[in-house]
Amino acid sequence: MLKIKQIIISTILVVIAVACGNSSEEFVDATPSFTINASIDSLTSSTAYLAQYKDGGFVKSDSTLIERGTFSFAGNVESPNVQYILFDDSKDNIVVFVENSEIEITGVDLQKENIKIAGSALNTQLEQFLVEVKAYEIELKAIVDEYYAAEAEGDEAFLKIADQKYIAQDSVRKAFVEEYIYDNLNSVIAPYLSLRYMMEKDVVELEQLNNSFTAEIKNSEYVKLIEERISLAKGTQIGQVAPLFSMNDKDGNSIALKSFKGSYVLIDFWASWCAPCRAENPNLVAAYTKYHDKGFDILGVSFDEKKDKWLRAVDSDSLTWVHVSDLKGWGNAAGQLYRVRGIPHSVLVDKYGIIIAKDLRGEDLHEKLAEIFAAK
C-alpha cells in the first residue's frame with residue numbers, strides 16, 4: 001500500500017513539474033490578430049492612422065510613425081471589416097478589408113491603381129467585385145454624360161428617353177450585384193455589399209436577405225447595420241408618420257418639414273448630376289403648377305456636393321419650390337433618415353404628416369394628386 005501511495009505521489013509531482021515547465025506555452029495568447037505591414041516608395045507623411053468610416057466621418061482607432069515610407073499596425077477584429085489608412089498631410093487614403101491575417105501593402109505612391117494589397121482574401125474578393133461592377137457603372141456614367149450633352153444641344157428627343165435608358169441599364173447592374181450577394185451569403189462581403197447596393201429594397205426583401213446570411217457572419221457589424229436599417233425602414237413605410245427633419249436652403253435659412261403641415265408635400269430627393277432626376281423635373285413642374293394653389297407643395301432635397309451646380313440646376317429646370325441641401329452628397333442627413341439609396345426618390349406626405357405614397361413619377365404622380373384634390 002505504501003508503495004502504491006509513493007507511485008501516485010510521484011506521478012502527481014511529475015505532472016505538476018511538466019505543467020510548470022511548459023507554463024510559457026500553456027498561456028500563449030491564442031486571440032486571432034492581424035498585422036498590416038506597408039511600404040509606399042514615395043510616401044513623405046510622418047504619421048499613419050487606422051480608421052473606420054462611421055456616421056459621415058472617419059473614426060481613428062490607431063496611429064503609427066512612418067519611417068522611410070514604411071509603417072505597420074497590429075490588432076484584432078471580432079469580425080472582418082473595411083478600414084481606412086489615413087495620413088497626416090494627405091487627403092489620399094488606402095482602403096483595406098481587414099481580417100485576422102498578415103496583410104502586406106506595397107506601392108509607389110498613394111494612387112489607388114498603384115497600391116497592391118496581399119494577405120486578405122476578403123480584400124482580394126472585394127477588389128475583383130469592384131472591377132466587375134465598374135463596367136456597369138461606366139455604362140451608367142456614359143448615359144449621364146449623354147444627358148448633359150443633349151441638354152446643352154437642346155436635344156429634346158433624347159432627354160425624353162434618357163430616364164428609361166438609365167433605368168434599364170441600372171437594372172442590369174442591380175441584377176448582377178444581387179446575384180453576387182446571394183452567391184456569397186457565407187462571407188462578410190455579402191452584408192458589406194448589401195449596405196452599399198441593396199438598401200433601396202422594401203422591408204420584406206431586406207428581411208428575407210438578412211435571414212439568408214449564414215450563422216458564421218451573423219455577428220458582423222454589417223449585419224447589425226442592416227438590422228438597424230430594417231428598423232428604420234419600418235418607420236418610413238406608407239401609413240407611418242413622416243420623420244421630421246430640418247435643413248438649410250441656399251441662403252442658410254433652416255427649413256423644417258413640419259412647417260409644411262396642413263399641405264400635401266412631396267419630399268423630392270434628387271441631384272443636379274442625376275439624369276433620371278433631371279428628366280423627371282418637367283413633370284414635377286407641371287404638377288406643382290397645376291396643384292400648388294390647391295394645397296400641394298414640393299420640398300426638394302438635393303444630394304449635390306457643389307452648391308453652384310445645385311443652384312444652376314434649380315434655375316435651369318425652373319424649379320420654383322423650396323430647396324434644401326447639406327451638400328454632403330449621399331451622406332445627406334435627410335436621405336439617411338429616409339433610407340434613400342437611389343435617386344430620384346420621393347415621399348408624399350399628407351396634411352397631417354402621414355406618408356401616403358412613395359416614388360410617384362410621371363402620370364402616377366398626376367393621378368394621385370387628381371385623386372386627392374378632386375373635391376377641392
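Biologist: How do the residues of the lining of the largest cavity divide into nonpolar, polar and charged?

Modeller: This is a predicted model, and a search of the whole structure finds one cavity of 30 Å³ or more. The largest cavity has a volume of about 80 Å³, and 13 residues line it, those closest to its centre being D268, E280, P344, S346 and R361. Sorted by class, the lining of the largest cavity comes to six nonpolar, three polar and four charged.

Biologist: Which element gives the largest share of the lining of the largest cavity?

Modeller: The elements that contribute two or more residues to this lining are β11, α8 and β14. With four residues, the largest share of the lining of the largest cavity belongs to α8.

Biologist: Which element gives the largest share of the lining of the second largest pocket, and how many residues does it give?

Modeller: The second largest pocket has a volume of about 370 Å³, and among the 15 residues that line it, L159, R278, A279, E280 and P282 are the closest to its centre. Two or more residues of that lining come from each of α3 (121-153), α4 (156-182) and α8 (275-291). By class, the lining of the second largest pocket holds four nonpolar, four polar and seven charged residues. The largest share of it is six residues, from α8.

Biologist: Which residues does I267 touch, not counting residues up to four places away in sequence?

Modeller: I267 is among the residues with the most contacts inside the largest nonpolar core. With residues up to four places away in sequence not counted, I267 touches F245, L257, L299, V301, Y338, H345, S346, V347 and V349.

Biologist: Which residue takes a positive phi in the hairpin of β14 and β15?

Modeller: Strand β14 (residues 345-349) and strand β15 (residues 355-358) run antiparallel and are joined by three bridges, and V347 stands opposite K358 in β15. Five residues lie between the strands of this hairpin, and the one that takes a positive phi, near 90 degrees, is G353.

Biologist: Is R173 buried or exposed?

Modeller: R173 has its place in helix α4, and, leaving aside neighbours within four places in sequence, R173 is in contact with V133, Y136, E137, L140 and Y197. Because its relative accessible area of 13% falls under the 20% cut-off, R173 counts as buried.

Biologist: Is A121 buried or exposed?

Modeller: A121 lies in helix α3, and its C-alpha is 30 Å from that of K141, a residue 20 places apart from A121 in sequence. Because its relative accessible area of 58% is over the 50% cut-off, A121 counts as exposed.

Biologist: How many of the nine residues of helix α5 are buried?

Modeller: The buried residues of α5 are I189, A190, P191, Y192, L193, S194, L195 and Y197. These buried residues pack against β5 (81-87), β6 (90-98), α3, α4, α6 (203-212) and α7 (221-234). Helix α5 (residues 189-197) is thus mostly covered, the number of buried residues among its nine being eight.

How values were computed
Residues numbered from 1 in each chain as written. Predicted model: local features only at pLDDT ≥ 70, side-chain atom pairs only at ≥ 80, totals over all residues. Heavy atoms only, no water. 1 Å grid on protein atoms, 1.4 Å probe; cavity = no way out; pocket = protein on both sides within 12 Å on 5 of 7 lines; lining within 4 Å. Points joined across faces, edges and corners; volume = space filled by probe spheres on them. Nonpolar A, V, L, I, M, F, W, Y, C, P; charged D, E, K, R; others polar. Pairing = 2+ DSSP bridges. Core = buried A, V, L, I, M, F, W, Y, C linked by side-chain atoms within 4.5 Å. Buried < 20%, exposed > 50% of the residue type's maximum accessible area, 1.4 Å probe, protein only. Contact = heavy atoms within 4.5 Å.
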